Structures are given as C-alpha cells and as structure tokens.
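Here is a short briefing on one protein model. Keep the structure open and follow along.

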Amino acid sequence: MTARDYVSEADRTLEETYEEPMSLATYVDRVFENPTIASHASKYLLEAIEAAGTRTVVEEGEEKERYRFFDDPHNDGEHAILGNTEVLNRFVDDLRSIAAGRAKDEKIIWFEGPTATGKSELKRCLVNGLREYSKTPEGRRYTVEWNVTTADVEERGLSYGADPTTVDDIHWYESPVQTHPLSVFPDAVREELLEELNDELEDHVPVRVDAALDPFSREAYNYLEEHYRREGKDALFSAIADDQHLRVKNYVVEIGQGVGVLHSEDDGRPKERLVGSWMHGMLQELDSRGRKNPQAFSYDGVLSQGNGVLTVVEDAAQHADLLQKLLNVPDEQSVKLDQGIGMDIDTQMLIISNPDLEAQLNQHSDRNGMDPLKALKRRLDRHQFGYLTNLSLETELIRRELTNETSVWEADHYLDLVDRIREPVTMTVKDRDGEPSRREFAPHAIEAAALYAVVTRLDQEDLPNGLDLVDKAMIYDQGYLQEGDSRREKEEFDFDGDGRDGDGGIPVTYTRDTLAELLQADRDRHHSELAVEDVVMPRDVLNAMAEGLSEAPVFSTGERSEFENRVVPVKNYVFDQQESDVIEAIMHEKRVDEETVAEYVEHVYAWETEEPLYNDRGERVEPDPLKMKLFEIEHLGRFSEAEYEGNLPRESVRNFRREKVITSLNRHAWEHRDEDFSVQDVDLTAIPVIKSVLESHDWDDVERTFEDFDPRQWDDPPSGTETETVKDRTIETMVEQFDYTEASAELTSRHVMGQVCYRWD
C-alpha cells in the first residue's frame, strides 16, 4: 500500500471507533436498541469477557472451558495468561454474582500468587480486552460533556485544570470521571427507565445505574438549573439537557479513562492516590459561592480514572495503607473529595499482590476477635495464581520468554501439541566480537527445561505407588498415562485434590535466565552454519539449571536440595524421547504403512467375530491366518514361530488380539460415538493404544532388521559398512522428518548410541 492508503486505512479505523456526540434522548433510544451500552461496571467487564467466547483446554489432566478473553486475542496473544484457567473461571463466576447484585457486592477481588505466575499479564490482558471491546458496537462506552457558556452567561465558564478566560461558546468539557449518561436523570425517572429496560432485557444480570452525577457534572447541572429557573423556564430539565449544554459521547476505555491503575511506584497522600487533589490556584480563580469548586479538582486518582469500568491496585503490598480506605467503597459506592463534596463511584475493584500482602494482613491474627484488619480481610475475595503444572503450557511460556512468539497454542487433541513441545528453537545472538551467530536449542531441550520446572512444582505426597513425578506431570498434561500397551486415565489415579501443586518450584524467570546464559556461552570460533559447538542439548539445559540452584538467591537451602534430587527422572524421560527419535529414524523406511495396519485390524476383527464383516469398501473380510501371523512376527516383533501351530495362534497370541487390539478399538468407538450411538470414519491408526502397539519400534527391531549394525562404531563408522549406511540415512531422516539440524542430529544420535552400546549384544 502507498502512504495515502495507510492514512486512509487509519481514518476508517477511527471512524469505526468513534461516533459523533448525540443528544441525551438519542442515547436513551440507543440504550433500548442495545442495552449493553448502558451496563454498569461489573456487568460491562463480564460482558467483555464473555464476548470473546470460550475454548476447551486440558489442565491438570482435566478438560476445562476457558474464556478466550484471557488469551489476549485482541493483541495477538502477547499478554495471554497461560494456565490458571480454574482460577480465572472462579473469578468470572464471582464477577457474575457481583454484577447481578446477588452477593459479594462488598468484595474487593484479590489476585495473589508468587512472582512470574501471570499476575502482571492479567492487568495487561484486562486493559487490552476492555479497550478493544469498547471499540465494538456492543461494547461502546459513553459519558457526558457540558457547555454552560451557551447559557448567555458572561461571569464564568466551565473548566477543570484550565484557564477559564479561554473558554468560549464552542468549548465542551467531558466529565472527568466518565459519569454514566443516565445519571443525569432524576432518581425516580432513572429508576422507571431502568425498570422498563430490564423488563425487556433477556439477561440474568440487570442493568444497574445507582451513581449520581459526579461533582464536576453536578456543578454544571446546578448552574444551568439555577439559570433557567431564574428565567422561568417551564421545561426545566429539557433546558438543562438541551444539546447546546449536554451531549453524550463515546470514549475508548483506556488507562486513565475507565481503567484506573495504581502502580507500585506511585506515591502521594492516600486521598491523592484514590481520587486526586485540589489545585489551590484554581480555587481562587473559580467562583463557587464560598466553597471549594469541583472544577478545581484534578480527578487523577485511581478511583477517578477507573470510574465506569475497572480499578486495579498493582503490587498491593506497596499500598496496604489504602486498603483500609477502600473498605466501604464497594458497598457504599462513594468516596469524598473532601468533607463537603462526595462522589459516587461505579467501578470493579481488583488488587494484585505477591504473598507478602498476606503476611501484612495476618500481622495481628493472634489477637483473634481484636484483629484491626479483620474487616478488611472479610472484604477481600482471594483468587490464587499458581505456577504452571502443565508441560505444554510451561514449554509455551518459556518459548515466549526467549523469543517474540505470542500466538496461543490451540489444539483439538493433545497429540497436536506433542510436536510443538519437542521442537527446537534457533536464535541469533552476537558473539564476543559483536558478530551475529546462530545458536540452537536442540529438539527436547526446551521440553527438558519445562518438564524440570514443572516437576519441581508438584507435590509428591499424593503420588500413587509405582509413579514418579514425571509420570504425574505427564498425566496432568495429557490427561492419561501411556504405559506400554495400556493407557490409564487420570481418574484411575488417586491424586489428592488438596495438594500443593504449583505453590512453589522453579519460576520461569530462573529458567529463562539460565537458557539465555547458555545461548551467550563463549564459543571457540564463529560459524556461518550451525556446528555441534553451537547446539545446546537437553542435558546441557538440565545440568545448568540444577547447578545454578546453589547460587540463585531466590531458593532456600531446602528447596535447592529438593530440586536437585528431582532432575534425575527428568533426564531419564528426556533420554527416552531422544532414544525414540533415533530408533524411529533408523526404522523410518521400514515402518508399516497405515493401510497394512488397517488391514491387520480388519482381519483380527473378522477372526474374532462370527458374523460376516465388511470393510469400508463394502468387501467381505475373510480372516487370513498367514497374514496376521506375518504381521505379528515381522512388524510387531512380539511373537515367534513357536507361538503358532502352523498359522494358528496359541493362547498368548489370541489374548493379545482380544485385549490389545479389539478391546482398544471398541473403547475408541464407544468414546467417539454419535448421539444415535453410531460411529463414523474411525481412523484405526489414530487410536493411541493401537498406534503405540503397532507402530513403535525398539532395539530388537533394529537388530533384527540390520544384522551387521554395530552402535559402537557410530561416531566414526568404517567406510562401506552397514553402520555407515544406517547412520547416513538416520541423520538425513532426523533432519527431514523430526526437525533436527545436522548438528543436533549428530549430537543426539551420538548420545543415544553411547548409552546403547553398553547393553548391545
């Protein structure tokens, strides 16, 4: 596009976002057409969250519905909150109760958790989501603006924070606290209007507008009322609300306008931080008939800025003195500018803190009923963020921390995530001479870091016999545990729901810093192409993370010892993944195709059933004993000739066919049935148990297929040997099929063969 095209596109974007100011009557008509534009603060926040829709995720081994709003969809996922779906869902449930006025009206929502658990992302995600929702027709947000200079008055104008001598008859001043347009109506009229609106509203959450005009708008309203009353106007309200004095305008929700955020570094007296401060020079300029003039108030406090939508106190432990001042704000919905001037507030209050706030709140807990902070604690509604306990989510988070990736991982099935978890990361860094140099985290390296971090966060007190923490991590991530030929669902394991999973462990910031140091590690020379020296292997990552624990001040002595002990099972798991990659690469050309697998399953089914069986082509399937036997011996490698009488299977083979093939297929068909209990287009090879049994290989398969192969020659195989041929094909396959580079494939296969050669016959 040309520069002019870009400017035109920007014009269209703003035209879609902003509207021309309208009269109060026109706004009321719009409200009855689209009631969501009149929603009160908590209802508006709820609607913004629900408008983004939901998606299904698996966390801690269970399927959950997640609100897409928390994926930061309007910002390409940059500030998505990964995990903690159950916590966020409970927050939305509480928000729904608050919005409907069913309870918890007096509550201040409190998000607490250790560092690097996504609390800061929550604030950014809320701001982004509300901003973008306010640009949509359903999410338009409105306030009022005033102009009293058109009332034929010369003695004073309307302003705040400006020189009143500059105000003329075309100067409009917006309510500094985003006051609701319906607040202009007298109480009785407003109640009648809302009653009629809610009667027509097909929603369980009615619209509530309880706040009166803000002090600045009240000053304008009172002035106009007095002026027109002196003139003897009959339709007094119509004169005040005439569009020459009052207009309704939309605004985009942003920090400072509908969203108030109090940062940890903000200071000032409590009243200044909450609502703003008086500008004394302005008090002398503005006539207020012997009292302070609300036009001379700054309205830059967190409640003033957040009026209408959301108020966030970030790092609340730094503002603990304010929490007592906020005690009655949620239920009374009012604050004072000073002793003489009050201001109604409609905002959803939310505070964010590390666990240190809880320590401050409990400093007087030993006084029992005399605890001076008891009333405050009763009003706080805590939602606790924890560290991620899902391998896939932690992998995604680490990649975000290292790279500029922001898209949120979505998958219809866990198997869709497997490749993303294991895939490598290649980055460009500058070497000591300032030259760009490529570095690679080999496949499974980021996975290793993520799994180790997750394992340190899991409670081992509730581990069933026979499982380790890696098993628990895999159950939490995929919802089941694959143990050889059998698959066990999470429901089969007795995990204590009151465990402390995610309460502690290695934070992602430690992992990120460790990986960054590995990237910048000195190299002997600069390579234009990736070489083995430029590859960071999974074992490098795990060793660095474990060794760095002793120097990291964030960990206690007990944590260091405990975390160091948990690295061994992670190393074993990662090695198994690398070993599987190498074996599958060696056997890649020998893999059985899906048609052969499907044919075998059809023959097994025909062998078992007494009824005629037809395949999807309408052909009758006659079980062929020889085909089944050859498949089980040659492809599965599970049986020998001795387990057959001619072509007829013995008991061990018959049990395998029934238990591992037919039962698995029946279970899959039942789980994927339609409402009428029919099953359509069953992909036999997509059944996890069958896929594992029929399509995986082991070293016995390698030895049977390549009789002259010797893993001890792998590093430098003699020319012309079968080992040389196998290695060349394996490296090529790992690069083309498994996302390895030649360097990482070389290092990974060397590492695997170095372990295998010790047990090779």
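This is a predicted model: local features need pLDDT of at least 70, side-chain atom pairs count only at pLDDT 80 or more; totals for chains, interfaces and linings use all residues.

Residues are numbered from 1 along each chain as its sequence is written, and side-chain values use heavy atoms, leaving out hydrogens and water. Helices (H or I, at least four residues) and strands (E, at least two) are DSSP runs, numbered from the N terminus.

**The sheet**

- Strands of a sheet pair through backbone hydrogen bonds, either parallel or antiparallel.
- Here, six strands form an open sheet with parallel pairing, in the order 7-8-9-12-3-13. Two strands pair if DSSP finds at least two bridges between them.
- Strand 7 (254–255) and strand 13 (380–384) are the edges; each has a single partner strand, so one side of each has no neighbour in the sheet.
- Strand 3 (residues 108–112) runs parallel to strand 13, joined by five bridges.
- Ile108 has Leu380 in strand 13 as its bridge partner.
- Helix 4 (residues 85–100) lies across strand 3, strand 12 (348–353) and strand 13, at about 155° to strand 13. Axes are lines fitted to C-alpha atoms, for helices over the stretch in contact, and angles run from 0 to 180 degrees between N-to-C directions.

**Buried helices**

- Helix 3 (residues 41–51) is largely enclosed by the rest of the structure, because nine of its 11 residues are buried. Buried means under 20% relative accessible area (1.4 Å probe, protein chains only).
- Among the buried residues of helix 3 are Lys43, Tyr44 and Glu47.
- The buried residues of helix 3 pack against several elements, including strand 2 (62–67), helix 4 and strand 12. Contact means heavy atoms within 4.5 Å.

- The axes of helix 23 (residues 567–586) and helix 29 (residues 722–737) come within 8 Å and cross at roughly 115°.
- That makes helix 23 roughly perpendicular to helix 29 (the term covers 65 to 115 degrees).
- Val582, Ala585 and Ile586 in helix 23 meet Val726, Thr730, Thr733 and Met734 in helix 29.

Technical notes. Angles under 35 degrees count as roughly parallel, over 145 as roughly antiparallel, 65 to 115 as roughly perpendicular and the rest as oblique. Buried means under 20% relative accessible area, exposed over 50%, partly exposed in between (1.4 Å probe, protein chains only).
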